[in-house]
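Please walk me through this model in the viewer. I would like to know what to select at each stop and what is there.

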Amino acid sequence: MDKVTAAKVFIDVAHSESFTATAERLEMSRSMVTRYVEAMEAWLNTRLLHRTTRKVSLTTIGVQYLAEIQQWVETADNIVNQIQPLGEIRGSIRLAVSMSFGHSQLMAALTEFMAVHSKVSIDVDIQDVATDLIKNRIDLAIRIASSPDPTLIGKPIAKCHSVLVASEHYLTTNSQIQTPEDLLNHSCLGYKNFERHIWHLRQEKEYRSVEIKCRLTANEATALMEAAVHGAGITMQPTYLVHSLIQNGTLKQVLPSWTPQSMDIFVLYPSRRHLSPAVRALIDFLADYFENKIWNE
């Protein structure tokens, strides 16, 4: 039995704390996961995991060995990467991204990347909350923020500009919006991952902060976008998501001279050490791919 694969399976179980979860993620049977873990224990002549009907956890020896086994797997992968044919990139990448950016922008980019690098496979984890990259064995995460997580390595790949938008039907059937304060008399759609619904707007050197009242909130941007399309109210949306809808008239920009704060779109990874050629190639590709997008200007 392949020792490197067995080690990778053990590492995954150690983090997932579930034979079933590891089997689903690695697309193998639960019995095969069990066999790989048992093989690791046989080779090391020690018990690495406690098994109960409810939970799997590391033994004391398992905790001690986990870091060394991870290092051994990284070394083995690096050796393979170094001896592969010149210019050929292969391997698997696990990437985390929000639903809105993943759906509207990332899938097209990944499809183009994989067409060039036919021996690279990518597993995309879509979540609208920050996930622990190390615990969940994520190679890369794409996150939108004013500054990156200080515990991670971050590279900006694009700007995230935002706009206020609403449907033409909503705007023509409600009172005019000429100043940020007018928003207080309108139905605004709130992104509920923020503790308070405050929209910070800027017009040249003038700043306004408006605490909007929201009857409809959601924890995901595309849901709010769809609500706006159907006339539910005004929403603040990233241009990468609504640029085409503004262009074709489905949504209209509200207070176009007042702009929300821009943020950066970062690609984040846990460490520069042992970064595989496939991951490095994807980081560089994404930076080039998004550089000249219209919504990034």
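Predicted model: local features only at pLDDT ≥ 70, side-chain atom pairs only at ≥ 80, totals over all residues.

**Stop 1**

Select the five strands of the open sheet, in the order β4-β3-β5-β15-β6. The pairing in this sheet is mixed. Now look at the edges, where β4 (119-126) and β6 stand. Each edge strand has a single partner strand, so one side of each is left without a neighbour in the sheet. On average, neighbouring strands of this sheet are turned by 25 degrees against each other, with direction ignored.

**Stop 2: strand β15**

Select residues 263-269, which form strand β15. A residue counts as buried under 20% relative accessible area.

While the strands are on screen, show side chains. In a regular strand these alternate between the two faces of the sheet.

**Stop 3: helices α5 and α9**

Select helix α5 (residues 99-116) and helix α9 (residues 277-291). They pack at an angle of about 120 degrees, and their axes lie 10 Å apart. α5 and α9 are therefore oblique to each other. Their crossing is right-handed.

Which residues of α5 and α9 meet? On the α5 side, show Phe101, Gln105, Leu106, Ala108, Ala109, Leu110, Glu112 and Phe113. On the α9 side, show Ala278, Ala281, Leu282, Phe285, Leu286, Tyr289 and Phe290. Colour this contact by class: 13 residues are nonpolar, one is polar and one is charged.

**Stop 4: helices α7 and α8**

Finish with helix α7 (residues 221-229) and helix α8 (residues 239-247). Their axes come within 11 Å and cross at roughly 20 degrees. That angle makes α7 roughly parallel to α8. The crossing of α7 and α8 is right-handed.

Show the side chains in contact. α7 brings Ala221, Thr222, Met225 and Val229. α8 brings Leu241, Val242 and Leu245. By class, the contact of α7 with α8 has six nonpolar residues, one polar and no charged.

How values were computed. Residues numbered from 1 in each chain as written. Heavy atoms only, no water. Buried < 20%, exposed > 50% of the residue type's maximum accessible area, 1.4 Å probe, protein only. Helix = DSSP H or I, 4+ residues; strand = E, 2+ residues; numbered from the N terminus. Axes fitted to C-alpha atoms, helices over the stretch in contact; angles between N-to-C directions. Parallel < 35°, antiparallel > 145°, perpendicular 65-115°, else oblique. Left-handed = near helix turned anticlockwise from the far one by under 90°. Contact = heavy atoms within 4.5 Å. Nonpolar A, V, L, I, M, F, W, Y, C, P; charged D, E, K, R; others polar. Pairing = 2+ DSSP bridges.
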